[in-house]
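Biologist: Please take a close look at a single part of this model and describe how that part is packed.

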Amino acid sequence: AASLRRRSGEAFATGLLRLGPLYVKIGQILSCRENLLSPQWIEALSALQDRVPAKSGREARELAEASFGGGGALDRPFAGVGDA
């Protein structure tokens, strides 16, 4: 049973990672709530705290642009957005 909980927790964490940054943040919050989930799920979700693949500055900008409607949307409210 513990092995099944561990595998299902890992699958859930992987799914959140694939869904994107908002869902990763939800997983990070859940990983701190030991009163809500089994220890195996907490362990799997804890990987989202510090073992998330990094995105490039270009990918981050594209994601932000898409969120604000695309087409240079970040250039209107901000004087400049650099690639860190």
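Modeller: Leaving aside neighbours within four places in sequence, Gln28 is in contact (heavy atoms within 4.5 Å) with Leu48 and Gln49. This is a predicted model, in which local features need pLDDT of at least 70 and side-chain atom pairs count only at pLDDT 80 or more, while totals for chains, interfaces and linings use all residues. Residues are numbered from 1 along each chain as its sequence is written, and side-chain values use heavy atoms, with hydrogens and water left out.

Gln28 belongs to helix H2, residues 21–31; helices are DSSP runs (H or I, at least four residues), numbered from the N terminus. Gln28 counts as buried because its relative accessibility is 15%, the term meaning under 20% relative accessible area with a 1.4 Å probe, protein chains only. The buried residues of H2 are Val24, Gly27, Gln28 and Ser31. Seen down the axis of H2, these buried residues fall within an arc of 100 degrees, so they line one face of the helix; the arc is that of the directions from the helix axis to the C-beta atoms. They pack against H1 and helix H3 (39–50).

Helix H1 (residues 2–19) packs with H2 at an angle of about 145 degrees, and their axes are 7 Å apart. Axes are lines fitted to C-alpha atoms over the stretch in contact, and angles run from 0 to 180 degrees between N-to-C directions. H1 contributes Phe12, Leu16, Leu17 and Leu19 to the contact, and H2 contributes Tyr23, Val24, Gly27 and Leu30.

Terms used:
Helices (H or I, at least four residues) and strands (E, at least two) are DSSP runs, numbered from the N terminus. Buried means under 20% relative accessible area, exposed over 50%, partly exposed in between (1.4 Å probe, protein chains only).
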